[in-house]
Amino acid sequence: MSVQSVSKQTLQRLPQYLNYLRSMPRTGAANISATAIAEALGLGDVQVRKDLALVSSGGRPKVGYDADGLIADLERFLGYGDTTNAVIVGAGALGRALLGYGGFAAYGIEILAAFDCDTALCGEKIHGKPVFPMEKLAEFCRQMQARIGIITVPAGEAQGVCDALVKSGVRGVWNFAPAMLSVPDSVLVQNEDIAVSLAVLSKRLAQKL
């Protein structure tokens, strides 16, 4: 089964399963059940069983999955063995933080460089990654086959940056700007509105107290 045929909700859960399996101590039982994974992650065991059946045929009744085999199946399905190149547009505080995060490599993603309209930043290296002026974006993305563009600019600049990324051959946009983006059908957008997430958390906390 292809990634495209799996629901967005399932795709969001699969990395959770992989992270949990990777974090398990390598001593003790080599097998793990869908029920055990569900309990550890606070999910329904029926849902976990259905999700895992989409990516692995290794589960056996009353035995479960071989943990290492299930890790390999999840990594293969999610394409973690294939490196996807990415770039960041916006070398401010958030862009710098993402450049310094080392966890993307575990998911097959490599952020190659950042781009910014501030000429004072261009020529710098942030966490070992170069910062280039915006006019070099298209050439760089095409040459390095960057397929993901990460937007960390103010809302008013986001659509223009998105348009530039799409023209540069980017096929997926991870958008941290509080703005709705217009893209061709061939381009995927994942929005991350930090303010909204914090507001939701605050509201849920107020209801709980």
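Predicted model: local features only at pLDDT ≥ 70, side-chain atom pairs only at ≥ 80, totals over all residues.
His-127 sits in the loop that joins strand 5 (125-126) to strand 6 (129-133), and its phi, near 50°, is a positive value in a residue other than glycine.

**Confidence by element**

- Among the elements of the chain, the lowest mean pLDDT, 85, belongs to helix 8 (residues 194-208), while the highest, 98, belongs to strand 7 (residues 148-151).

**Positive phi values**

- Most residues other than glycine have a negative phi.
- His-127, with its phi near 50°, counts as exposed because its relative accessibility is 56%, and exposure is assigned over 50%.
- Gln-145 is not a glycine either, yet its phi is positive at about 55°; this residue lies in the loop between helix 6 (137-144) and strand 7, and the positive value comes just after helix 6.
- Because the relative accessibility of Gln-145 is 51%, this residue also counts as exposed, the cut-off being over 50%.

**Helix 6 and what covers it**

- Leu-137, Phe-140 and Cys-141 are the buried residues named in helix 6; seen down the axis of the helix, its buried residues fall within an arc of 95°, so they line one face.
- On the other side of helix 6, the residues Glu-139, Arg-142 and Gln-143 are exposed.
- The cover over the buried residues of helix 6 includes three strands, namely strand 3 (84-89), strand 4 (109-116) and strand 6, together with helix 7 (155-167).

**Aromatic pairs**

- Counting rings of Phe, Tyr and Trp as paired if their centres lie within 6.5 Å, the model holds 6 aromatic pairs.
- One of these pairs is formed by Tyr-101 and Phe-104, whose ring centres are 4.8 Å apart and whose planes stand at 85° to each other; the pair counts as edge-to-face because that label applies to planes over 60 degrees apart.
- Tyr-101 and Phe-104 also belong to one aromatic cluster, which they form with Trp-174 and Phe-176.
- Within this cluster, Phe-104 counts as buried because its relative accessibility is 13%, and burial is assigned under 20%.

Key. Residues numbered from 1 in each chain as written. Heavy atoms only, no water. Phe/Tyr/Trp six-rings, centres within 6.5 Å; stacked < 30°, edge-to-face > 60°. Buried < 20%, exposed > 50% of the residue type's maximum accessible area, 1.4 Å probe, protein only. pLDDT = per-residue confidence, 0-100. Helix = DSSP H or I, 4+ residues; strand = E, 2+ residues; numbered from the N terminus. Arc of directions from axis to C-beta. Contact = heavy atoms within 4.5 Å.
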